[in-house]
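Hello,

Here is the structure I promised to pass on to you. Have a look at it first, and then read on for what turned up when I went through it.

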Amino acid sequence: QEDLVESGGGLVQAGGSLRLSCAASGNIFSIKFMGWYRQAPGKERELVASITSGGMTNYADSAKGRFTISGDNNINTVYLQMNSLKPEDTAVYYCNARSLGTDLRLYHYWGQGTQVTVSS
C-alpha cells in the first residue's frame, strides 16, 4: 500500500487546466503539511504550492494567480487546481506530506509522481 496516491496528471494544451489529487493512506497520522513539488528534466525539484493543517497556503512565484491548493479531511487529501497552464509547467509533480510522530519527529512521505505535459 502506497502512503500517498496521486492522480490527475496528463496532457493538456497551453491555456488549459488540470486538477491533481493526492490522498494519504491510513498509515499516516497527524499530517501538518502537504505540498506539491515538481521536477522538470534536468532541473531540481521545486516546491509549487503547500498547505498546512492550519489552512495556511504558500505558492511559488510561478504558480501565484494560476494554481490553487486546497485540502479536506484535515488535509489528508489535497488538490492542486492548475489553470492557464504553460509549456514551462511541464514536469513530474510529486505530493509531499509531513506528519508529526508520537516521538515529536517530523516524518516525510512522497508520492510516486504524476506527469503533467503542456503542449504549445
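**What I found**

Of the contacts in the protein chain (heavy atoms within 4.5 Å) between residues at least 6 apart in sequence, 54% join residues at least 24 apart.

A word on the basis: this is a predicted model, with local features needing pLDDT of at least 70 and side-chain atom pairs counted only at pLDDT 80 or more, while totals for chains, interfaces and linings use all residues. Residues are numbered from 1 along each chain as its sequence is written, and side-chain values use heavy atoms, with hydrogens and water left out.

**Overall build**

The protein chain has 11 strands and zero helices. Both are DSSP runs numbered from the N terminus, with at least two residues (E) for a strand and at least four (H or I) for a helix. The radius of gyration is 14 Å, which agrees with the value near 14 Å for a compact globule of 120 residues; it is taken over C-alpha atoms, and the globule rule is 2.2 Å times the number of residues to the power 0.38. Along the principal axes, the C-alpha atoms fill a box of roughly 50 × 25 × 25 Å.

As for cover, 44% of the 120 residues count as buried, meaning under 20% relative accessible area, where exposed is over 50% and partly exposed lies in between (1.4 Å probe, protein chains only). The accessible surface of the chain comes to about 6,400 Å², and carbon and sulfur atoms hold 48% of that; the areas come from the Shrake-Rupley method with a 1.4 Å probe, and for residues only the protein chains shown count as cover.

**The open sheet**

Four strands make an open sheet with antiparallel pairing, in the order β1-β3-β8-β7. Here two strands pair if DSSP finds at least two bridges between them. The edges are β1 (4-7) and β7 (67-72), each of which pairs on one side only. From one strand to the next, the twist averages 15 degrees, using axes fitted as lines to C-alpha atoms (for helices over the stretch in contact) and angles from 0 to 180 degrees between N-to-C directions.

Strand β8 (residues 77-82) is joined by six bridges to β3 (residues 18-24), and the two run antiparallel. In that pairing, S21 stands opposite Y79, and C22 has V78 as its bridge partner. Six bridges also join β8 to β7, again antiparallel, with I69 opposite L80. β7 and β8 form a hairpin with four residues between them, and N73 in the turn has a positive phi of about 55 degrees. Five of the six residues of β8 are buried.

**The disulfide**

A search of the whole structure gives one disulfide, defined as a pair of cysteine sulfur atoms within 2.5 Å. The sulfur atoms of C22 and C95 are 2.0 Å apart. This pair links distant parts of the chain, with C22 in strand β3 and C95 in strand β9, 73 residues apart. The torsion about the S-S bond is about -85 degrees, so the disulfide is left-handed. C22 is buried at a relative accessible area of 1%, and C95 is buried at 0%.

**Also in β9**

S99 belongs to strand β9 (residues 91-100) and counts as buried, at 3% relative accessibility. Beyond its neighbours within four places in sequence, S99 has contacts that include I28, F29, R105 and Y109.

Best wishes
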